[in-house]
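Thanks for coming, everyone. Let me put the structure up, and then I'll walk you through a few places in it.

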Amino acid sequence: MLVVDAASMWVGTMAELAEDQRSTGSNLPSRMPALYIGHGAPPLVDDELWTSQLAAWAGGLPRPTAILMVSAHWESAPLTLGATETGVPLVYDFGGFPERFYRAQYRAPGAPELANKIKALMAETETVAEQPRRGLDHGAYVPLTVMYPDADIPVLQMSLPTLDPDKLIALGRRLAPLRDEGVLIIGSGFLTHGLPFLRDFRVDQTPPGWSTEFDAWAGEALARGAVDELADFRNQAPGMPYAHPTIEHFAPMFVTLGTATNPETPALQVIDGFWIGLAKRSFQVA
């Protein structure tokens, strides 16, 4: 019964997603949505439910002209653009996993044209650096191997130049015009990320209270479009600081929210639930 109920909920969410795409398309035919996703560790690719959700989500989107990834695993100031060249090796920024995860490949085309557009958008507000030989890290390529497995869409990764929510929202606003050119902007993190406080790393472990409480709070705030409350999560969210002893996995969300046509419009929450006790809630904005 639980499986049937979960499947029914997923079908309902995907129907809502399709309707959201149709309504968005009727007003802004070339505007891509922007996403915030839980990217998972490399074993994400072995999780049949999660991979089916990510693949179905990507399959319901218009085909991007390019993808801009903002991963929790690259903090660098000033704002830095990497993987602008085709064929740059991936960054295996993890340890303790089976050898096969260190042989993963994702040879997406580089996106130098997108890099130039970002530099133009930032010309008067933000210094932009480049590391063209820095490859995609696992926060970028792991979900992309599921969402766009053919690796035939140009991909660019951008660093987090700050962890300040308000500054990241402002950064998202400057990036928003890219959506009108078919660019899919993805903030990649994890809605809760209290790894130091986990004692059981089974995929189906019961999530700790700090994770469920923070997830419920964030889900409700997203449903109301309460961006100011989300930005004040350190003071308002239950479960802190356990849910985010460091905040780099929550921070990409604010870039995504900043790109929204109307940030106070409720986000469409496409994926929820938990993985090793951490909240994998993921959403898109129109």
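Start with Trp 210. Which residues is Trp 210 in contact with, leaving aside its neighbours within four places in sequence? They are Thr 192, Gly 194, Phe 197, Leu 198, Pro 238, Gly 239, Tyr 242, Ala 243 and Leu 278. Contact here means heavy atoms within 4.5 Å. Take Gly 194 from that list. Gly 194 and Trp 210 are 16 residues apart along the chain, and their C-alpha atoms are separated by 8.8 Å. Trp 210 sits in helix H6, residues 209-224. Its relative accessible area is 13%, so Trp 210 is buried. The cut-offs are these: buried is under 20% relative accessible area, exposed is over 50%, and partly exposed is in between, with a 1.4 Å probe and protein chains only.

A word on the source. This is a predicted model, where local features need pLDDT of at least 70 and side-chain atom pairs count only at pLDDT 80 or more, while totals for chains, interfaces and linings use all residues. Numbering starts from 1 along each chain as its sequence is written, and side-chain values use heavy atoms, with hydrogens and water left out.

Now the overall numbers. The protein has nine helices and ten strands. Both are DSSP runs numbered from the N terminus: helices are H or I with at least four residues, strands are E with at least two. Of the 286 residues, 53% are buried. Take contacts between residues at least 6 apart in sequence: 82% of them join residues at least 24 apart. The accessible surface is about 12100 Å², and carbon and sulfur atoms account for 54% of that. Those areas come from the Shrake-Rupley method with a 1.4 Å probe; for residues, only the protein chains shown count as cover.

Next, the sheet. In what order do the eight strands of the open sheet run? The order is S4-S3-S5-S2-S6-S1-S10-S7, with mixed pairing. Strand S4 (128-131) and strand S7 (268-271) are the edges, each pairing on one side only. Two strands pair if DSSP finds at least two bridges between them. On average, neighbouring strands of this sheet are turned by 25° against each other, direction ignored. For angles between directions, axes are lines fitted to C-alpha atoms, for helices over the stretch in contact, and values run from 0 to 180 degrees between N-to-C directions.

Look at S5 in that sheet. Six of the six residues of S5 are buried, so S5 is largely enclosed by the rest of the structure. S5 pairs with S2 in the parallel sense, over five bridges. With S3, the pairing of S5 is antiparallel, over two bridges. Gln 157 in S5 has Met 69 opposite. Gly 82 also stands opposite Gln 157. Elsewhere, strand S1 (residues 34-38) runs parallel to S6, joined by five bridges. There, Ala 34 stands opposite Ile 185.

Two helices pack here. H3 packs on the sheet, touching S2, S3, S4, S5 and S6, and its direction makes about 70° with that of S2. H5 lies across S2, S3, S5 and S6, at about 150° to S5.

Which residues of H3 (residues 112-121) are buried? Leu 114, Ala 115 and Ile 118 are. They span an arc of only 105° around the axis, which puts them on the same side of H3. That arc is taken over the directions from the helix axis to the C-beta atoms. Glu 113 and Ala 120, on the other side of H3, are exposed. The cover over the buried residues of H3 includes strand S2 (66-75), strand S5 (155-160) and helix H5 (165-175).

Last, the aromatics. The structure holds 16 aromatic pairs. Rings of Phe, Tyr and Trp (its six-membered ring) pair if their centres lie within 6.5 Å; planes under 30 degrees apart are stacked, over 60 edge-to-face, and the rest tilted. Trp 50 and Phe 190 form an edge-to-face pair, 5.9 Å centre to centre and 90° between the planes. Trp 50 is in helix H2 (residues 48-59) and Phe 190 in the loop between S6 and H6, 140 residues apart. Both Trp 50 and Phe 190 are buried.
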